[in-house]
Structures are given as structure tokens and as C-alpha cells.
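The stops below follow charged pairs, one selection at a time.

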Amino acid sequence: MIINHEQTPLFTTLKKHALNNPTPFHIPGHKCGQGMDPEFRDFLGPNALSIDLIGIEPLDDLHQPQGAILAAEQLAAAAFGADHCFFSVQGTTGAILTMILATCRPGEKIILPRNAHKSILSALILSGAEPVFLTPELDQDRGIMHGISSAALKQALNQHPDTKAVLVINPTYYGSCSDLSSIVETVHTYKIPVLVDEAHGVLNYFSPLMPCSAMAAGADLAATSVHKLGGSLTQSSVLNLQGKLVNKDQVRNILSMITTTSTSYLLLASLDTARRYLALQGEFLIARMLKLARKTRTQINQIEALKCHGPEIINGSSIFDLDESKLLINLEQTSILGNAAEKWLRNQANIEVELSDLHNLLCFLTLGDNSETTAKLIQGLKSLAKQFSVSTSLRASHVSHTLPALPKLALNPRQAFYASKRSCPLKQASSQISAEFVTIYPPGIPVLIPGEVLTEENISYIEECQRAGLLVYGTQDPTVQRMHVVK
């Protein structure tokens, strides 16, 4: 195939089909908007509705692509430096599930960091894989976790030589990157694949100013979210594969198993066009974005009582590099917690942030930002800092910077999930084995997963997060006052 990134084979095919204006007697039932609520139809517009179609023959089929979708995936593989690229309309979650199901059978070991997203830990239950958790570096100054070091990974591999896969989060939600090339080199000496949760790393493929991408580092599989930062529609992602350690046909089969047969061609077309946009203009746009991010970080650090960390946190081990487009704003020198600050910015400055936790706000700059959007952010943060400024003696006295120790895994997550259960009050659950997830969102990293032993420490942390207004969920009891434990 001749690589020409000007082309958009799938989007072009969809437009051509819509221009032919065929009379449809197939789903979706709205039939280009004629059978839906008029207000919603008028809001979306005729162009979008004309390509909201299903896998009829002229449009190819995501489950076994042979035409326009396959051509679009081949162009994407070239753009990402992969041997094969699979489109996902199940988000990065679908791609992550596929990675683990394709490499681990029930009872087989997988090494992964414990600060994994819920989708990764859910894949443990679906696959029956046996997790070997690594403790990521705890950043005591900011109350967050970073990546893992090559040394810790090598130790785990020596202790568990029967491991079948290693999963790495790179970059983390907060933008910190491990030495991925070194990790891949270490793991490959054991002839096992490296899987990368690259949900926040799509731009790494399109600029030398960004951290190293998973494919450039030699990883075998990478679940890469295009919609988060790369300009495609929400829920659209890709799964990149290279090398011979993972069978590409097995990957396609498993991705098909967990993917709806009513695939959205709007999402697929947005992946096709996002690839074109990034391949042709990404390097210039990313350079502009990083320049804006550095200027914005400097302006935030000039605001009294606020701190926005940058490349100075790179330590060469667990933090090898940093995605500078992620602005992590620490609030410990103010009198307001993260969730309350998020709400204040929403109500008083009409600003929506990506994330708030106990101590921080996280803001993403993307290719869609400019000096006007960042000026609004700076003004909002100045007003916030002014209103919640406190004397030095009172600063940060209202919160703890200690995250709970990682709980002990007493049962395989799949065994615990399907075990006989009983409900008990959270306050009385210490020393019991959890049969449910307890997740703080965002970023969606579980405090507890099925099979882990509850402690007084993590129960107190859950209650602290609830008091701070953070979203705590995952238990059948929506208030998280009770939870199911293994009988």
C-alpha cells in the first residue's frame, strides 16, 4: 500500500455513499434523521446523520475489514509506526481488555503497576490472569503516584520467571513517563510481550518534542486513546501492534468479541480524519501547544499559593520524562480542597478542569487551545487563589499527604469477584477480603479491587475522599456505606 496521509479512505467512502442518497431499509431506524426527534435532528445537522450508518457492504465491516476500514487502519499503522493498527469504538477500555485477553490465560501471571485504571483491573477478572503488582513511586509532595522503574520490574521478573506479559502505564494521567525503552529491553530478554496503557500518549507519536511513544520504544501492544488528546470523537481509540510476540489474528478475534456489531461509523471516520490531521500538521501544532503550556505554567507559578510542577520533577528512574501539556496545579498552600476548587472554577469562572483530587487540579492543554483559553484559565486561578489565600501558619493543615499502603492481595481477582459474598458496613470491613471495586474518580484508579484485604488505613482514606466531595463508586451500595466481602 502506498502511504499518502492526505487520503481518508473511510471518510471519503462515507461521504460518497451519503451523496448517492440511497433509500435505506436497514438500521439505524432514524434513517438519516427522518425518524428522530426534530430538535435533536436539527441540532446535529444532516451531514453527521447522513453517515451515522452500519456495516453494509459498501462501507466495509470493522469485525473483518477488507475495504475502506482496512485501508484506514493501514494508514494509521504507518502514522503510529506499528505493524498493525486496529480501530476501537469501545474506547481505550476495549483495547486494554483485548491486550490482556490476547496475552494471558486463566491463572497465568501478568506484572503491572497497582495504580492501574479500572479497565485494566476489570480485565484481570475477565481473563482470570494472576496479577503481580508493582508499587509505583509515591510523590509525597503532590499526593499522586508516578511510574515504575526498570530495577523494580527486573526484580519482579526474576521472582516470577513464569510471567506471560508485562503491562506499563505510559504516560500516567498526570503526564509522567517511565524509561519505556529500557523497560521494553529488559522484558524482551525474557521473551514476553510488553503491553502499554497509552491512553494519554497519542501526541507522543507526532513530535520529537514529546516523550517517547510505545511503538518507538519497541512495545508489542499499545492501547492509544485518540479521542482524549488527538482530535477524534469521544470513545474512539486504536490498538497498535508490532513484532511477533503477539498473534495479530488473535488480537483481531478478541477485539471483535468485545465490540458491538453496531459499530459507529461516525467514530470510525473521526479516527480516519484525526490520523490525517496529526500526520500532516501534528508536529507544528504540538510545538505550538508546548510553547503555550510552558508559558502558562510560568504564569501559574507566579500566582501566590499555587504551584504547577514541570520538568524539575524528572528523577531519571520512575520519572524519565514529562508530558508538559499536562498542568498539575497543587493547592496545598490555599484553604480549599481540589473538588471544591473544581466546583468554584465551574461556577465562578465558567472553567472546567480535567480532574480534581484531594490536593490538586489537573488541566490538559491540547491542539485546540490558544492564548485566549489559557488567559481565561490564568484569570480564574488568580481569582481562586485570591479568595482562598491563607496565612502561612494555616496552609495545608487541613489535609494529609499520605496515600494508603497498597492492600494485600489474598485472592485472585476473578475468584473473589465470583465468590460467595456477604454485605457488611464499610466501617466494620477491616481484615475482610473485598469482593467489589472501590474506585476514586477521576482518575478511575481503584483503592480496592476484588481479592484485596481491607485495612483501617484504606477505609479511612475512602471516607476522607467522600468528605472532600470526590466521586467514590464501584460498590453495589451507591453511598459506599456498605460493601460486599468474601464470605
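Buried means under 20% relative accessible area, exposed means over 50%, and partly exposed is in between (1.4 Å probe, protein chains only). This is a predicted model, in which local features need pLDDT of at least 70 and side-chain atom pairs count only at pLDDT 80 or more, while totals for chains, interfaces and linings use all residues. Residues are numbered from 1 along each chain as its sequence is written, and side-chain values use heavy atoms, with hydrogens and water left out.

A salt bridge here is a side-chain nitrogen of Lys or Arg within 4 Å of a carboxyl oxygen of Asp or Glu. The count by this rule is 12 salt bridges.

Select Lys-248 and Asp-249. Their side chains form a salt bridge, N to O 3.2 Å. Lys-248 is partly exposed at 35% relative accessibility, and Asp-249 is partly exposed at 46%.

Next, select Asp-272 and Arg-275. The closest N and O atoms of this salt bridge are 2.9 Å apart. Both residues sit in helix H11 (residues 265–301), three residues apart, which means about one helical turn separates them. Helices (H or I, at least four residues) and strands (E, at least two) are DSSP runs, numbered from the N terminus. Asp-272 and Arg-275 are buried.

Then select Arg-294 and Glu-324. Their salt bridge has its closest N and O atoms 3.2 Å apart. Arg-294 lies in helix H11 and Glu-324 in the loop between strand E12 (321–322) and strand E13 (326–330), so the pair ties together parts 30 residues apart in sequence. Arg-294 is partly exposed at 36%, whereas Glu-324 is buried at 14%.
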